[in-house]
Number of protein chains: 2
Amino acid sequence: MRTPAEVRAAIRARELDEPTAALAPGFAQANLVVLPEADAFDFLRFCVANPRPCPVLEVLEPGTVEPVQTAPGADLRTDLPRYRVYRRGRLIAEPSEVEWREDLVAFLIGCSFTFERALLAAGLPVRHVEQAVNVPMYRTSVACRPAGRFAGPLVVSMRPMTPDQAVRATEITAPFTSAHGAPVHVGDPAALGITALDAPDYGDAVEVRDGELPVFWACGVTPQAVAQASKPELMITHAPGHMFVTDLDERDRAHR
Amino acid sequence: MRTPAEVRAAIRARELDEPTAALAPGFAQANLVVLPEADAFDFLRFCVANPRPCPVLEVLEPGTVEPVQTAPGADLRTDLPRYRVYRRGRLIAEPSEVEWREDLVAFLIGCSFTFERALLAAGLPVRHVEQAVNVPMYRTSVACRPAGRFAGPLVVSMRPMTPDQAVRATEITAPFTSAHGAPVHVGDPAALGITALDAPDYGDAVEVRDGELPVFWACGVTPQAVAQASKPELMITHAPGHMFVTDLDERDRAHR
């Protein structure tokens with residue numbers, strides 16, 4: 001069992017290049033969004049207006065790459081397994097490290113991988129961990145609250161469970177308010193505008209067994225769907241499922 | 001018992017010019033901070049880094065005065081009983097309405113008046129309501145996390161209680177995370193650098209009875225102490241205790 005610093009060092013050394021679910025259990029994981037300073041205020045307002053998909057863990061000083069509050073000593077240019085680079089809303093690269101500019105501002109946003117240890121500890125299934133694939137994520141027909149130039153759809157992650165398990169999972173995840181909290185929907189993909197559970201927009205499909213329902217949580221990939229709609233000059237993010245592992249305790253309350 | 005809209009209308013008509021504790025019970029009240037857009041991103045980062053004193057309920061679009069999320073139809077220029085205007089950190093006026101500029105951005109921040117109905121319902125004392133004075137508030141020696149140009153001390157509000165009552169009040173207020181949540185300290189003013197309980201920095205002194213301890217909560221007047229330290233060109237705020245009454249349910253969770 002590696003510590004967060006050990007996970008980040010392995011990623012930096014390119015010994016680890018995979019989705020980060022179940023790595024460094026007990027510690028909060030984070031979505032990354034990097035934007036030019038000119039767009040940063042609008043984006044932070046977007047996060048504040050949409051706390052379910054975008055709970056903010058830390059906003060770095062412009063031009064800096066070390067998240068001093070959540071992972072002192074880390075480097076956001078190298079310590080995630082994979083990045084995505086969007087130019088005017090178009091995905092142009094998926095590198096394993098990124099360059100920085102003086103005017104870039106990094107945002108770390110809570111991630112649902114953070115509560116998966118608690119689900120597993122309660123005997124609940126986390127299918128993508130069982131199947132060793134990336135979590136399935138879907139663009140929905142639910143609009144986020146717009147802020148300045150940023151508007152777009154809510155993205156959700158999905159874990160299949162029986163109805164009883166879904167109730168228990170709701171109880172368990174509700175207190176994790178800086179990791180998306182309780183599910184946003186249980187049961188009917190069409191209610192979220194999702195037409196094909198077996199064709200996620202991000203990540204991999206997982207098996208939904210007899211008697212199970214899809215359980216949907218708000219997802220920190222939302223800013224990437226928003227980038228595609230809002231087309232900022234540049235947005236750098238993590239690749240879906242390839243998160244930043246912080247030093248924060250998974251149950252940390254100071255960050256909500 | 002007036003609704004929030006009725007309270008705001010009475011304030012706008014100057015029929016009501018007093019601290020807002022216990023008005024429109026059941027609804028969230030808010031601290032106001034207004035800054036030029038040039039300082040707005042740094043200030044919002046300051047709030048995100050200091051969620052106990054500065055839980056953000058809404059950030060308005062630059063230049064606008066209607067809080068469409070928390071009180072549609074309201075006008076932040078007229079709907080608070082009293083304002084404070086700080087120029088380069090110096091308090092220069094305390095008007096009952098304010099002018100607006102195109103470049104001003106308004107922030108609404110949660111307020112501890114929001115949880116006082118729950119305290120009273122549990123039979124706990126809220127001394128400033130009993131005594132019909134403003135809540136006592138104190139600048140502390142605890143530094144907030146700085147962000148950009150904004151740095152300064154934590155401000156706290158105080159309610160005297162017996163130790164047993166303080167425990168119960170902690171249980172009750174902890175879930176109100178967008179209204180400062182649980183106390184930051186119980187019992188020893190000196191631990192917060194407070195030398196005279198009977199001489200608050202804002203609001204009025206209240207009686208602390210035999211067997212009671214001072215119970216301190218983080219306070220949304222913190223930005224005013226920060227303004228005095230950080231000296232932005234202009235900062236408009238509510239006058240301490242003279243809050244904006246929103247339409248949000250006091251227990252609203254969507255805003256945390």
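**Salt bridges and the contact between two chains**

The side chains of A:Arg45 and B:Glu61 come together in a salt bridge, with N and O 3.2 Å apart. This is a predicted model, and that pairing is a handy way into it. Between chain A and chain B the count is two salt bridges, along with six residue pairs in polar contact. On chain A's side of the contact, helix H2 (37–49), strand E2 (56–59) and strand E5 (104–110) each supply at least two residues. H2(A) gives the largest share, namely six residues. Sorted by kind, the residues on this side come to 15 nonpolar, four polar and four charged.

As for the extent of the contact, 23 residues of chain A meet 23 residues of chain B. About 1,800 Å² of area is buried between chain A and chain B, and carbon and sulfur atoms give 61% of that.

How are the two chains arranged? Two copies of a chain are related by a rotation about an axis and a shift along it.

A:Arg45 has a relative accessible area of 3% and is buried, while A:Asp42, at 18% relative accessibility, counts as buried because the cut-off is under 20%.

Over all chains, the count reaches 40 salt bridges. Side chains of opposite charge can pair when their charged atoms come close. In chain A, a network of salt bridges links A:Arg127, A:Glu130, A:Glu207, A:Arg209 and A:Glu212. A:Glu212 lies in the loop between strand E8 (185–186) and strand E9 (213–218) of chain A, and is buried at 14% relative accessible area. Its side chain is in polar contact with the side chain of A:Arg127 (2.7 Å), and a polar atom of that A:Glu212 side chain lies 2.8 Å from the backbone nitrogen of A:Arg209. Leaving aside residues up to four places away in sequence, A:Glu212 touches A:Arg127, A:Pro160, A:Met161, A:Thr162 and A:Glu207.

In chain B, the side chains of B:Asp201 and B:Arg139 form a salt bridge (3.7 Å, N to O). This pair ties together distant parts of the chain, 62 residues apart: B:Asp201 is in the loop between strands E8 and E9 of chain B, and B:Arg139 is in strand E6. B:Asp201 is partly exposed at 37% relative accessible area, and B:Arg139 is partly exposed at 33%. B:Glu207 forms a salt bridge with B:Arg209, the closest N and O atoms being 3.4 Å apart. B:Glu207 is partly exposed, at 41% relative accessibility, and B:Arg209 is partly exposed too, at 36%.

Finally, there is helix H6 (residues 222–230) of chain B. Seven of its nine residues are buried, so the rest of the structure largely encloses this helix. Among the buried residues are B:Thr222, B:Pro223 and B:Ser230. Just after H6(B), B:Lys231 adopts a positive phi of about 55°.

Technical notes:
Residues are numbered from 1 along each chain as its sequence is written. Chains are lettered from A and ligands numbered from 1 in the order in which they are written. This is a predicted model: local features need pLDDT of at least 70, side-chain atom pairs count only at pLDDT 80 or more; totals for chains, interfaces and linings use all residues. Side-chain values use heavy atoms; hydrogens and water are left out. Buried means under 20% relative accessible area, exposed over 50%, partly exposed in between (1.4 Å probe, protein chains only). Helices (H or I, at least four residues) and strands (E, at least two) are DSSP runs, numbered from the N terminus. Contact means heavy atoms within 4.5 Å. Buried area is the accessible area (1.4 Å probe) that two parts lose on being put together, summed over both. A salt bridge is a side-chain nitrogen of Lys or Arg within 4 Å of a carboxyl oxygen of Asp or Glu. A polar contact is a pair of N or O atoms within 3.5 Å; within protein, one must be able to donate a hydrogen and the other to accept it, and residues adjacent in sequence count only if both atoms are side-chain atoms. Ala, Val, Leu, Ile, Met, Phe, Trp, Tyr, Cys and Pro count as nonpolar, Asp, Glu, Lys and Arg as charged, and the others, Gly among them, as polar.
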